[in-house]
Amino acid sequence: MSKFKGFMPAPLTPMSADGALALDVIALQAEYFKRAGAVGVFINGTTAEWSSLTVNERKAITQEWVTQAGSDFPVIAHVGHHCHADAMELAEHAASVGVVGISVVAPSYFNMESAQMIVDWCKPIAAAAGNLPFYYYDLPVLTGISIPIDEVLALCIEQIPTTAGVKHSAPNPLTLQRCVRMEGMEVFWGSDENILLGLSFGATGAIGSTYNVALPHYRKLVEAYEAGDIDSARELQGQALKMVEVMLPYGVMPCLKEVQQLTGINIGGVRQPFTSLSESDTAAMLKGIKALNIIES
């Protein structure tokens, strides 16, 4: 049984008009996620624009999330970085402020040629976090790393004592099945628009970006699935896919920051290389989202 059975949003990073961090908004995010039924959060990942944040900013975000989450709302921190020393620094810091686990995505500028290379990269980072659970983070669509996640996880289990599981963000049912079969491993499914696929193959935890804005909808989907109402679950999954499809032409990340306002939270803009939506694009996109009746405040 997974320790985290349910949804963990990957929070957007709140920013002010001038692009600085707006850490005070994290309290509103934490309150909203708790009310919406999240089982924790996965911070400083892709949805948080981690590669556009400084090390000190990521530390500040981690500290604030732990503070606002409290003792009963788990925080897993992504600490991956293209600089090995910075990743280890982030891991050590995350452990010191009280997260419940760390996660690492492999670097993608210089090519990772084997599962062993990835594990060799992750090993010192995991060690820097002491006894904290370690979760490998696989996101091939952005990293370009095609090494199967199950091969990496198998080596992690052998060589990294704190290995607890993976964030499986490639919609690949074969590697998902192989990871789920590895005894004692937690498998977080990372493809929101394919949540039914994750459920059907045994992932009991899910981490994703659209859970920032539509978590009640996804919870209804899971409830329908678990009740055996597959037709309703498919319909709800279809609506979630339509939500993503509405955002895709404009860019999902900038859209999510605009859609978050429908939940009552002003999350600000995005950083380069993203650009914020124009007023007309925002209006058109939000019109499409509202028509789905998928967002609850």
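**Figure 1. Tyr109 and Phe110, an exposed ring pair.** Welcome to the first close-up of this predicted model, where both Tyr109 and Phe110 are exposed. The structure holds eight aromatic pairs. In the pair formed by Tyr109 and Phe110, the ring centres are 5.1 Å apart and the planes meet at 85 degrees, so the arrangement is edge-to-face.

Figure 2. The aromatic pairs of the structure number eight. For Tyr32 and Phe33, the centres lie 5.8 Å apart with the planes at 55 degrees, so this pair is tilted.

Figure 3. Phe7, Tyr211 and Tyr218 are linked into a cluster by ring pairs. A lysine also takes part in a ring contact: Lys167 lies over the face of Phe42, at 5.7 Å from the ring centre.

**Figure 4. The largest pocket, with a volume of about 910 Å³**. Its lining takes in 34 residues, and those nearest the centre of the pocket are Thr46, Leu139, Val141, Leu142 and Met253. Two helices, α5 (140-143) and α11 (252-259), each supply at least two residues of this lining. The largest share, three residues, comes from α5. Sorted by class, the lining of the largest pocket divides into 16 nonpolar, 14 polar and four charged residues.

**Figure 5. The second largest pocket, with a volume of about 320 Å³**. Look for Lys5, Gly6, Thr204, Val222 and Glu226, which lie nearest the centre among the 18 lining residues. Two or more residues of this lining come from each of β1 (6-9), α8 (195-200), β8 (205-208) and α9 (211-226). With five residues, α9 gives the largest share of the lining of the second largest pocket. The classes here are nine nonpolar, five polar and four charged residues.

**Figure 6. The largest cavity, holding about 50 Å³ of space**. The structure has two cavities of 30 Å³ or more. Around the largest cavity you will find Pro11, Leu12, Thr13, Pro14, Ile26, Ile43, Asn44, Ala48, Ile61 and Trp65. Eight of these lining residues are nonpolar and two are polar, with no charged residues.

**Figure 7. The second largest cavity, with a volume of about 40 Å³**. Asn44, Arg58, Thr62, Ala77, His78, Val79, Leu90, His93 and Ala94 form the lining of this cavity. At least two residues of the lining come from each of α2 (55-69), β3 (75-78) and α3 (84-97). The helix α3 makes the largest contribution, three residues. By class, the lining of the second largest cavity has four nonpolar, four polar and one charged residues.

**Figure 8. Cysteines without a disulfide.** How many disulfides does the count come to? The count is zero. Cys156 is buried, with a relative accessible area of 0%. Cys255 is buried as well, and its relative accessible area is 0%.

**Figure 9. A cis peptide bond between Gln272 and Pro273**. Most residues other than glycine have a negative phi, and most peptide bonds are trans. The bond joining Gln272 and Pro273 is cis, and its omega is about 15 degrees. Pro273 is found in the loop between α11 and α12 (279-291).

Figure 10. Phi of Glu49, a residue other than glycine, has a positive value near 60 degrees. This residue lies in the loop between β2 (41-43) and α2. Is Glu49 buried or exposed? Glu49 counts as buried, because its relative accessibility of 3% is under the 20% cut-off. Asn293, also a residue other than glycine, has a positive phi near 55 degrees. Its place is in the segment after α12. Asn293 is exposed, because its relative accessible area of 68% is over 50%.

Technical notes
Residues numbered from 1 in each chain as written. Predicted model: local features only at pLDDT ≥ 70, side-chain atom pairs only at ≥ 80, totals over all residues. Heavy atoms only, no water. 1 Å grid on protein atoms, 1.4 Å probe; cavity = no way out; pocket = protein on both sides within 12 Å on 5 of 7 lines; lining within 4 Å. Points joined across faces, edges and corners; volume = space filled by probe spheres on them. Nonpolar A, V, L, I, M, F, W, Y, C, P; charged D, E, K, R; others polar. Helix = DSSP H or I, 4+ residues; strand = E, 2+ residues; numbered from the N terminus. Disulfide = S-S within 2.5 Å. Buried < 20%, exposed > 50% of the residue type's maximum accessible area, 1.4 Å probe, protein only. Phe/Tyr/Trp six-rings, centres within 6.5 Å; stacked < 30°, edge-to-face > 60°. Lys NZ or Arg CZ within 6 Å of the ring centre and 35° of its normal.
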